[in-house]
Amino acid sequence: MKSIPLPAPAESLLPHSRPMAYIDRLLETNDGRGLSETRLGPDHMLVDEDGRLDRVAFIELAAQCFAAQKGWNYLTREIPTSIGYLVGVQGFECFADARAGDLLLIETVENGVFDGFSALQIVLLGAA
């Protein structure tokens with residue numbers, strides 16, 4: 001098993017590269033849970049001219065958090081990576097906006113795997 005210390009740059013764990021890699025670092029991962037962070041820059045492609053992140057972007061941030069978690073698991077186990085896709089979202093609620101300058105923490109928890117598909121619970125833990 002290969003040792004990759006956390007926190008780790010997310011771009012090294014994702015199939016994405018800038019500007020499409022939206023998260024900065026994978027902070028933690030264990031037992032199906034992942035925690036990532038990103039600081040929203042004013043030049044982020046999903047931040048509007050008023051400095052507000054499009055709320056739909058939260059879904060992509062969560063998908064990339066899970067992808068980074070899986071990427072870390074593949075790399076540490078030294079097995080070939082697998083490509084995944086976001087295939088659906090249920091029960092998405094957003095209670096506040098995120099703005100340029102905010103540090104976002106995104107947590108994903110894998111609740112189960114069904115026929116190769118993962119069911120996740122996703123929480124935006126905070127913006128600072």
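1. Asp48 counts as partly exposed, at 28% relative accessibility. Partly exposed means between the two cut-offs: buried is under 20% relative accessible area and exposed is over 50% (1.4 Å probe, protein chains only). Asp48 belongs to a network with Arg52, Arg55 and Asp97, joined by salt bridges that share partners. A salt bridge is a side-chain nitrogen of Lys or Arg within 4 Å of a carboxyl oxygen of Asp or Glu.

2. Some background. This is a predicted model, where local features need pLDDT of at least 70, side-chain atom pairs count only at pLDDT 80 or more, and totals for chains, interfaces and linings use all residues. Residues are numbered from 1 along each chain as its sequence is written, and side-chain values use heavy atoms, with hydrogens and water left out.

3. How many salt bridges does the structure hold? It holds six. Side chains of opposite charge can pair when their charged atoms come close.

4. One of the six pairs Asp48 with Arg52, at 3.8 Å from N to O. Arg52 is partly exposed, with 26% relative accessibility.

5. Now look at Arg33. It forms a salt bridge with Glu28, and the closest N and O atoms are 2.7 Å apart. Arg33 is partly exposed at 21% relative accessible area. Glu28 is partly exposed too, at 35%.

6. Arg33 also meets Glu107 in a salt bridge (2.5 Å, N to O). Glu107 lies in strand β4 (residues 103-114) and Arg33 in strand β3 (residues 33-39), so the pair ties together parts 74 residues apart in sequence. Strands are DSSP runs of E, at least two residues, numbered from the N terminus. Glu107 is buried, with a relative accessible area of 15%.

How values were computed: Helices (H or I, at least four residues) and strands (E, at least two) are DSSP runs, numbered from the N terminus.
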